[in-house]
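Let's take a walk through a protein model together, looking at how some of its side chains pair up. Keep the structure open beside you as you read.

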Amino acid sequence: MSDSPVTAIVVTYAPKPDVLSACIESLRIQSPAPKIIIADNLSGKDPEHKVAMSMRSDDCDVVPINRNLGFGGAINSVLPRIDSPYLL
């Protein structure tokens, strides 16, 4: 896990590769660069799940969610993973 004081949660549902990649890259260039968590709604049901999984790296984790919880539900489902003092 990153030592960043900031964590950014990105909620997805069937993301387009170029849009998700641009979103992740725009977060990476921030200062301080946040730890990124992708909350992937309805994972495994669509081929787009592979898009979110392809973004996994040292600074970006993917949390598969087996149903579409919506934005608020997805955020709430990953909150226990947050250990930084700031959330974006």
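Before we start, remember that this is a predicted model. Our first topic is charge. Side chains of opposite charge can pair when their charged atoms come close. In this model, the count comes to 3 salt bridges.

Begin in helix α1, which covers residues 17-28. Here the side chains of E25 and R28 form a salt bridge, with 2.6 Å from N to O. Where do these two partners sit relative to each other along the helix? E25 and R28 are 3 residues apart, so about one helical turn separates them. How accessible are they? E25 has a relative accessible area of 39%, which makes it partly exposed. R28 is partly exposed too, at 26% relative accessibility.

Now stay with R28, because its side chain also meets that of D59 in a salt bridge, at 2.9 Å from N to O. This pair connects distant parts of the chain: R28 belongs to helix α1, while D59 lies in the loop between α2 (49-54) and β3 (60-64), 31 residues apart. D59 is partly exposed, with a relative accessibility of 22%.

Next, move along to D61, whose partner in a salt bridge is R81. The closest N and O atoms of this pair are 3.6 Å apart, and the cut-off for a salt bridge is 4 Å, so the pair counts. Again, distant parts of the chain are linked: D61 is in strand β3, and R81 is in the loop between α3 (70-78) and β4 (86-87), 20 residues away. Both partners are partly exposed, D61 at 22% relative accessibility and R81 with a relative accessible area of 41%.

Our last topic is sulfur. A disulfide is a covalent bond between the sulfur atoms of two cysteines. How many disulfides does the model contain? The count comes to 0. To see why, look at C23: the closest cysteine sulfur to its own is in C60, 9.1 Å away, which is too far for a bond. A disulfide would need the two sulfur atoms within 2.5 Å. C60 is likewise in no disulfide, as its nearest cysteine sulfur is that of C23. The surroundings of these cysteines are worth a look as well. C23 is partly exposed, with a relative accessible area of 27%, whereas C60 is buried, at 0% relative accessibility.

Definitions and conventions. Residues are numbered from 1 along each chain as its sequence is written. This is a predicted model: local features need pLDDT of at least 70, side-chain atom pairs count only at pLDDT 80 or more; totals for chains, interfaces and linings use all residues. Side-chain values use heavy atoms; hydrogens and water are left out. Helices (H or I, at least four residues) and strands (E, at least two) are DSSP runs, numbered from the N terminus. Buried means under 20% relative accessible area, exposed over 50%, partly exposed in between (1.4 Å probe, protein chains only).
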